[in-house]
Each structure stands twice: as structure tokens, then as C-alpha cells.
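These are my notebook entries from a sitting with one model. I went through salt bridges, backbone angles, cavities and the surface in turn.

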Amino acid sequence: MRLLLINPRFPESWFSSKWALSELLPNKRAINPPLGLATLAALSPPNWEVEIVDENIEPIPLEPRADLIGICGMGVQFPRQKELLAYYRGRGHYVIAGGSYASLCPEQYTTLADTVVAGEAEYIWKEFCRDFEQGAPKPLYHETGTVALTDSPTPRFDLLKLKRYTYASLQFSRGCPFRCEFCDIIIMFGRKPRVKSLEQVGRELDELRRFKVDNVFFVDDNLIGNLPVAKKLLQFLKEYQEKHNYWFSFGTEASLNMAQHKDLLQLFREANFGWVFIGIESVDPASLKETLKTQNLHEDILTSIRRIYSYGIDIMGGFIIGFDHDTLDTFEQQYRFITDAGIGYAVIGLLSALPKTPLFDRLKKDGRLSTLEDAHENTRPSTNVIPKSMPYEAMVDGYISLYRRLLTDREIALRIRNKLRYLRTPIYSSGYSTREGLGITWRLIWKGILRGGPRRLWYFLSTLFPLAPSRLPTVISDWIVGLTMLEFAERRLTVEQVEASSLEQRVDSVRSAIGGYLADGKVTLKFRQTGAPDLAVCLKDQLDRPFFKRAAPGLERLLKHTRASVTLRVDALHAHQLDHFQGLLRRLSRYGDRVHIVVDERLRALVPIDSSVFNLVLARSAD
Ligand code: SF4
């Protein structure tokens, strides 16, 4: 039996780190691998041949050799997951839908997949495999009981291309004892954390060492959900590290109450956890109480942050705006806090109501859910929540202005200096060798700092002097984070609304550059201004090199600093034109998520499209 497991492409977001990955870390393509699929592979019968394709680092196969295809997905991946399910099903494959969104809303998949696997897979996946081999798979396998994580196998790390990710993933626990109103984790995994045994963790770490991986992200939603057990884990990791000469650098997600336990923080430090992602959400106690995030109310949050820093643990912070108590003053509060706390990686989101959460139910009852927006939409500043204490448009404007303010060179430098006052130097290394570190630093200076002009150089230098060499990795990594977020914001968030007439002008310049080809009917152009502006370019006949050279600058200009997209439809292309076509794609790759490519069925084998870079359209309606 041949099983193909696919992780669909994520829409680009703050978490994608596209600039850093493409410019500074040339061998890496994504942050972390699809651990769930590697676990599913390990649960499959040993005689099954399993392949994992992650569309975030590689193209999907259009003609796979597979008897069945499993496609996972979180809410943000749902549109692409649907498209892939339809494509492979349309080609006669048996398709299975799974992942966190299918677990939360299995009813949404009934017509999309042959089988839906909803909930934790450890028991039900084996049942499905048995039924499938016997020719009687059911349409739905829904785990409603409790899964013991001690029954979870070591993931098939050998099936992941681990070198292409910045971190390998490892999971110790599922579930979180808290009850934040907006959270869907506790709906899926419950409020009683369940854990793997320390022997299991040791086996997984041994396996990762075998693959020479040294940066590991514990992907638990809250690693300290069960405090006594978390301490045992950290003690175990500390001893493991001592035994293996501090092979690993760890990072994880945890709740802010970690700051209240100095012995826990010391263990984090000694186990070499260099960073932790914390859901801070708000600094306003009224908003925290409203959303039931009481674990953030133990003390002044800045005090907690600085205590965590004092153990050499860096902090990435999650923030939310749009609680009922939030007003237009909240933006200033968030700005002040993020700056004083020196949080470089501050991911701010607008409060969204995810299906099945208490927040969703409450707002639905109050008639405050917008049907115009999708809760999972993270490609533009929007939310399905109708705010209570400020107008929607003012909230979105305030959100964009906050990011504009935080992402100037001056502010990036200020946050770094504020952090360095409190962040103690970690005991052990960052996970990069000296050679790798120098290479990254050089590329940052060349491609990021110097390109920003003398002002940026001045602010960069202001974070370097006076500085002990041991603090350099923190400064470099915070500049990388800052510039990566800035680049994303410039392309996706703070981009000015370009006048319709200016877009028309840009389209006209494309039109005049390739006028002869248009007149000959070898190419057609169609510009649509309604909704999101899109220029459809259809290649209908033989095209020579000058065509691609003439078209590229205009198309690039249309995409740059606008929200426009380009749909490239390839109806005809000959083998000798392929290099020219790929040259055009290279020019447009920076905007790949806004370049939709439709390749005629007959040409799909000839024209390979990297669907991890471009949006390769598979929907039949687009054919
Ligand atoms: S602490 Fe995090 S995982 Fe736990 S309930 Fe709150 S948001 Fe969810």
C-alpha cells in the first residue's frame, strides 16, 4: 500500500519568516516540519510505503504514485487543503482529510474527502488502516475518548527533510489547564495535560541526534501545563544535555505563570532553552479578566518578563487587540509595553472567534460575529469579531499604525537595547556554529542593514556598542526578526492603497512592453479591478526570450508595494522556452503568494511549478 501524506502550503503570515529564510538562511525553507504527519507515518502498518510532502518546502506531485492520500491542515490551510483534496480525488485517488481543523469541524469535510480522521490519531488511524486494507473504510473516524500519549510512537523523522527547517519539532504534552475564552486548543485536547514518558522523549532526542539536528522546538501549546511533570521533564533534559555535551538548543511555548517559579526557570536555563513563546495578549487587567486569562494576572507583566530574561531566556510575545474592554487607547498601551519589555518578536493579532470556542458562542449569541470575514484569515488585517468599544475600521487602522510604529529602525534598536538591560547571557550556545553565525551576520549586514541606508546602519551600530561578544547573537537575531517583520509588513500590511489609476498605468506599461505579442494574439491580458486587483496574463502561443524579458519588469512593478496579484495562465509553452519562463518566475518569486499559476493539463509534465513558492492553481474551474 502506498500512502502519500501532504501538508498544504500555509498562507504567508508573521510566522513564515520569508525574508530571513530566503535571504539569510539559504538552505532553509520553513520554520518547522509537519510533526503530525511523521507521527501518522509511524502509526501506519509497517508494510505500507509512506511518503511525506510538505508544500511549504517543496512542490506537490501532480501525478503521485499513491493508493491513498492523506491531507492535513489547520484552519488557515483549509482553502488549500480543500483544493488538494478535490484535485487528487478528481484524479481517482482515495483521499483522507485530517489535522486540527478537521478535528474541530469534521462536518465541513463530509463532501470533500472519502474519509475524515477527526481528533488525535493514535488509535483511530490504526483502525482506519485496518478497515482500508479490508476494503471497508468508514467515512468518519472520530476520536472522542482520551488518548494516552504513552501510546504515541516515535515520529518517522526519517521521512522529513529536516535540514530544510530551522527547527525540528518534538511534542511532550497535549492539553492546557487554563481556559482562555478564544482558545481552540482546549476544545481539541482538553484541560488535563497528558504527557509522553521521559523514555519516549529520550528516544526522540536520540533519533534527532542521529539526523544531526540540534535546534528543537517543543511544540506543546503549553509545556508547563502540568508544573510538577514539566519540572521532571526539564530535569531529565538537563541531564540528557549534560550527557551529550549540550547538543541541543531548545525553544517552546509556555504560559506566563512560568515567571512565578524560579526553580522552573533555573531548570529551563540549565536545559538550554534559549527562547519561549508566551501568550501575553494584553497588559490591561480588565481585558485579561474578560478573556479568562487569569494566569497573566499574578503580578505586573513587565516584572514577569524581566524575571524570565534574567534566566537567559528570550521571549517571543503573542498579543491580541479587540477585547470588549479594548479601546483606541489600547494601541498606545501595547506599544509602550512591547517597547519597554524589548520584545523583538511581537506578534499582534486582532481578536478572532474560532468555531466551537466559548468566545464564538458568546459573540454569536450577541450578534457580534461578522459573516463578511473569516476567523482564519491571516493574510490581511481583518477579523470576524465586531468590536465593542471602538469602530471596526478605526481598530484596523490603529493596528496597522501600531506595526508601522514598531517596525522603524529606531524602534527595533530601542527594543534591543531595552531587552539587553535585562536578558542574561544564556549558559550555552545558540545552536549555530561560529562559521554559520558569521555567514548569517555577513548576509544580514549586506542584504539588510546596508540596504536600509546610513540611518539604519547608525541604529544598528547603536545596538553594538558597547557590547560583550557573548551578546552579539541576541542583537543579530533581533535585527533579523525586526527586518523580516518589516519586509512582511511592507509587502502585506502597511502597503498604501495604490490608486486605481496608478494600477491602470502599471498595467498599461506591461501592455506597451509586449504590444507586438498582444497584437499577434500570442498573449492576452485581462485586468480586473473589482475585489482584489488581478492581471490575468495568458500565454497562448510560442513566445521568444525578448517577450519574457520585456514582460518581467512591468509585472514585478505591478506587484511591488501593491495588493495586486498576477494570474499567469500557461496554455502553450515549448521546451526551449522553459528557461525564459523560469527566468520570469524568478523575478516574481518574492511575491510568489500573489502569483497564481494555471498550467494547461497537457503541459503539466513539461512546466514544473514550485508550489511552495507560487500559488499553483489546481481547481477545475480555473482549468
Ligand atoms: S494558555 Fe494558551 S493553550 Fe492554554 S488555554 Fe490559554 S491560549 Fe489556550
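How many salt bridges does the structure hold? I found that the structure holds 41 salt bridges, where a salt bridge is a side-chain nitrogen of Lys or Arg within 4 Å of a carboxyl oxygen of Asp or Glu.

Before going further I note that this is a predicted model, in which local features need pLDDT of at least 70 and side-chain atom pairs count only at pLDDT 80 or more, while totals for chains, interfaces and linings use all residues. Residues are numbered from 1 along each chain as its sequence is written, and side-chain values use heavy atoms, with hydrogens and water left out.

**Entry: salt bridges**

I looked up K238 and saw that K238 forms a salt bridge with E270, with 3.2 Å between the closest N and O atoms. K238 sits in helix α8 (residues 227–243) and E270 in helix α9 (residues 262–270), so the pair ties together parts that are 32 residues apart in sequence. For the element names I keep to DSSP runs numbered from the N terminus, with helices being H or I of at least four residues and strands being E of at least two. K238 is buried, at a relative accessible area of 18%; buried means under 20% relative accessible area, exposed over 50%, and partly exposed in between, with a 1.4 Å probe and protein chains only.

I then turned to R368, which forms a salt bridge with D324, the closest N and O atoms being 2.9 Å apart. This pair links distant parts of the chain, 44 residues apart, since R368 is in the loop between α13 (358–365) and α14 (392–406) and D324 is in the loop between β13 (314–321) and α12 (330–341). R368 counts as buried at 12% relative accessibility, and D324 counts as buried at 12% relative accessibility.

The next pair I looked up was D478 with K419, a salt bridge in which the closest N and O atoms are 2.7 Å apart. D478 belongs to helix α18 (residues 472–492) and K419 to helix α15 (residues 409–420), so the pair ties together parts that are 59 residues apart in sequence. Both D478 and K419 are buried.

I also noted a network of salt bridges that links E12, E487, R491, R492, R590 and D593.

**Entry: backbone angles**

Which residue in the loop between α9 and β12 (273–281) did I look up? It was N272, which has a positive phi of about 70 degrees although it is not a glycine. N272 counts as buried, at 4% relative accessibility. E281, in strand β12, has a positive phi of about 65 degrees and is not a glycine either; E281 is buried, with a relative accessible area of 6%.

**Entry: cavities**

I took a cavity as a set of points, on a 1 Å grid over the protein atoms alone, where a 1.4 Å probe fits but cannot get out, with lining residues having an atom within 4 Å of a point. Grid points are joined across faces, edges and corners, and a volume is the space filled by probe spheres set on the points. By this rule I count four cavities of 30 Å³ or more, and the largest cavity has a volume of about 40 Å³.

Which residues line the largest cavity? The lining of the largest cavity is made by I338, I343, G344, A346, Y403, L406, L407, R415 and M485. By class, this lining has seven nonpolar, one polar and one charged residues, where Ala, Val, Leu, Ile, Met, Phe, Trp, Tyr, Cys and Pro count as nonpolar, Asp, Glu, Lys and Arg as charged, and the others, Gly among them, as polar.

**Entry: nonpolar surface**

L450 is found in the loop between α16 and α17, and L450 is partly exposed, with a relative accessible area of 41%.

**Entry: two distances**

V117, in strand β5 (residues 115–118), counts as buried at 6% relative accessibility. V117 and S612 are 495 residues apart in sequence, and their C-alpha atoms are 25 Å apart in space. S255 has its place in the loop between β11 (249–253) and α9 and is buried, with a relative accessible area of 8%.

Key
On a 1 Å grid over the protein atoms alone, a cavity is a set of points where a 1.4 Å probe fits but cannot get out, and a pocket is an open set with protein on both sides within 12 Å along at least five of seven lines; lining residues have an atom within 4 Å of a point.
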